Protein chains: 2
Amino acid sequence: MSDPLVPVLARIDETLPQALERLMALLRIPSISTDPAYAADCARAADWLVADLQGLGFEAASRPTPGHPMVVGHGGAGGRHLLFYGHYDVQPVDPLSLWARDPFDPAIEETAAGPVIRARGASDDKGQLMTFLEACRAWKAVHGTLPGRLTIFLEGEEESGSPSLVPFMTENAAELRADLALICDTGLFEGRAPAISTMLRGLAKTEFTIHAANRDLHSGMYGGLARNPLHVMAQILGRMHDASGHVTIPGFYDGVEDLPDTLRQQWQALAFDHARYLGDVGLSVPAGEQDRTPLEMIWSRPTAEVNGLWGGYTGAGFKTVLPAEAHAKVSFRLVSKQDPARVIAAFRHWFAAQLPADCRVEWHDEIAGSPASVMEISDPAFEIARHALSDEWGRPAAFVGEGGSIPIAGYFKTVLGMDTMLIGFSRDDDNIHSPNEKYDLESFHKGIRSWARILAALA
Amino acid sequence: MSDPLVPVLARIDETLPQALERLMALLRIPSISTDPAYAADCARAADWLVADLQGLGFEAASRPTPGHPMVVGHGGAGGRHLLFYGHYDVQPVDPLSLWARDPFDPAIEETAAGPVIRARGASDDKGQLMTFLEACRAWKAVHGTLPGRLTIFLEGEEESGSPSLVPFMTENAAELRADLALICDTGLFEGRAPAISTMLRGLAKTEFTIHAANRDLHSGMYGGLARNPLHVMAQILGRMHDASGHVTIPGFYDGVEDLPDTLRQQWQALAFDHARYLGDVGLSVPAGEQDRTPLEMIWSRPTAEVNGLWGGYTGAGFKTVLPAEAHAKVSFRLVSKQDPARVIAAFRHWFAAQLPADCRVEWHDEIAGSPASVMEISDPAFEIARHALSDEWGRPAAFVGEGGSIPIAGYFKTVLGMDTMLIGFSRDDDNIHSPNEKYDLESFHKGIRSWARILAALA
């Protein structure tokens, strides 16, 4: 029997112009979710996708929420049930004056790096989600069926905080639960290597006020005698890291696991150009834990970061005040099995124990944290997908980390009990959330082919 | 020959009601210098004082400035030429709703602590400056002459930054220069002991920005790898004091002299109730150099204080940002012969030497500093005045320090080359700059008698 994938890839190549036409039709709909003026456009984008899914043989519907509708479709058959997630809403386009063309009048433009699709949403996330639907379409055209048992789940509020997401998932958990989730909303590693994100750092946050005197004091009358809470804050936060960049809070590293050797080898093979990554933002030296590689620092190691601090007089000119209060916001990127609540408790205990006389700390409202998402890569689907991506892109794909959280992956785990394979084809210069967003034609074309290979291998 | 002071003191006691009437007339003029709507009232207060001085035999005039007028009067004769400084302008009165009566409708009120004069300016500084003029008046009434060679110099912009003061003093230096300046704008020590301020701390200020990345970074993408300037700021400022409260900046203590034994003994005799002083503002423990007494901490020791710091996200909610910049305002109270420019240079050198890779510090515009004012108490006038005050108040007067700067005393030294005796009778509960300002009748009465004694002894 011949390989069922070969004619599908050929079909994808032959029908790329039509696939682009469909993407452009979707890109012409200004589905800006955060602006109520575009609510009808969001609904129109959802309807467009429902119709497209129905054309592919999915049983699909636009499902109402208190916000913009969800698109849910079910189709195909097979042993492994896969759920694909994407979002059809887009970011606002202002400042419009910085766009070289109408953001909702998409076009193919030639650039030095090759042809690109220019439009709001081209990369985030309409172009990416359509790679999956086009792979299904080519498969259906060649083989008459969908490539496996699939549920499509498309959100219209991702760019506006996803207020309806968890309630909708919770209400429809039985319907949405699958064996594995697929998300196409990430990028190529350094814009060239295909990658599957299998580790996402979690996040814990806290905010506090140090109180000292019961009012602001004049530094002439009290300076040298009274406690200055700005000094206290600087002294304690200044001790949060040692000279080697390690976090000094007792218990902070509880639950942090070492990187498995297989991942360590894959990450080394990526030959991450940290000098360029830092150079892009005007830096040159990895400033974190000095016994870790740069990729470990951002993917597999936890952090303790002051995100904001303030106190005393911060306006123009000068005021010789000893303030009554000092304030800070501190967050922690979490990995492995670190527990957000325990990390916050450890920080608060460590902090409070260092307060001198006459100071007290007030912790502000509890802020929900999220643990790291660590996918079970022993599931053969991950290795299968990695090989499929390597074949398509002609270079080894890697299991990579994500320094930031991707909330939907966490919800799939906590609400629906399934792991997620995050595979995407965007590039760092796609200008997502910025003027002149684009998606490389190569990303779109090879993205479709990548999904065809992955679905063929998983089917 | 009988003591010429005795009939003067009797005259002061007998004519206290008339002296109060005069003070009330001055208090009725709403000479708020910072509000242009009261410019005519400021001029009226100046004219009132000129007329009063002329009635006492001074050659006096209201002298124009770009702002409110100066009042200058010359009179009397004698070997030692004294210049008396006060200010006739007052602070604004808002919030008016917190006043128990019209701030410009003065009245004598009985309180648990004795009768007080209630009005804006009663203590700061109309009541205080009138103690000096009333002493002159009584002397003149009894002896027909002024008590020595006197220049009166009254400002109308003290509460609005004294913009015209130094230019006026510079232009009229020859006219204003005297052997010694007297200022009545300070208070009794702990509201009971007469005091002469002979040491005033100076001040040096600096402001800086630490720059790291060339833009704000997302802590998911860069956290753990990129330098966080908030950490750098906390680490360096957190090291500015050691565990004993000493400033760690090399060279900072250059020029700091030990307290002379005579002053140390006087200060010990004051039995400063630091527990009450700190307790008033909700504190309990002296937080400065642990080998110094509380009075030394605020009067004779230098400080390094962060007056403001800020950076990153400081609004409501949370933003997981690694900011590009961190900011702080730092000031130093100076004593003895510390040089403001050298202290700032030492701080900047120390700070910059601790910056890690990828950080640079930007120092903001130079802010003029002022050295400490240390009066030459070997001038017998100081000891003479101290004895006169001790006699009047029935308890030993002391040479005390002032933790804050009193710029006019510095200008008298730098522009006119003369030392200043700062003697005043206000109390901490006088509510200066606040609603319901008052001046104790005792302060007014004994203040007049104090000046009569001092002038008699110096004449």
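Two strands count as paired here if DSSP finds at least two bridges between them. With that in hand, welcome to this predicted model, where strand S11 (residues 303-312) of chain A and S11(B) pair in the antiparallel sense over 5 bridges.

**Strand pairing between the chains**
- For a specific spot to look at, take A:Gly312, whose bridge partner in S11(B) is B:Gly308.

**The contact between chains A and B**
- Chain A gives 65 residues to the contact, and chain B gives 65 residues.
- On the side of chain B that touches chain A, the elements giving two or more residues include strand S9 (202-211), helix H8 (229-238), helix H11 (294-299), strand S11 (305-312) and strand S13 (325-334) of chain B.
- S11(B) provides the largest share of that side, with 8 residues.
- Sorted by class, the side of chain B that touches chain A holds 29 nonpolar, 25 polar and 11 charged residues.

**The two sides of helix H1(A)**
- Helix H1 of chain A spans residues 5-14, and A:Leu5, A:Val8 and A:Ile12 are buried in it.
- What do the buried residues of H1(A) pack against? Their partners are helix H2 (16-27), helix H4 (126-143) and helix H15 (441-458) of chain A.
- On the other side of H1(A), you will find A:Val6, A:Ala10, A:Asp13 and A:Glu14 exposed.

Definitions and conventions. Residues are numbered from 1 along each chain as its sequence is written. Chains are lettered from A and ligands numbered from 1 in the order in which they are written. This is a predicted model: local features need pLDDT of at least 70, side-chain atom pairs count only at pLDDT 80 or more; totals for chains, interfaces and linings use all residues. Two residues are in contact if their C-beta atoms, placed from the backbone, lie within 7 Å. Helices (H or I, at least four residues) and strands (E, at least two) are DSSP runs, numbered from the N terminus. Ala, Val, Leu, Ile, Met, Phe, Trp, Tyr, Cys and Pro count as nonpolar, Asp, Glu, Lys and Arg as charged, and the others, Gly among them, as polar. A residue is buried if 20 or more other C-beta atoms lie within 10 Å of its own, exposed if 12 or fewer, and partly exposed in between; C-beta atoms are placed from the backbone.
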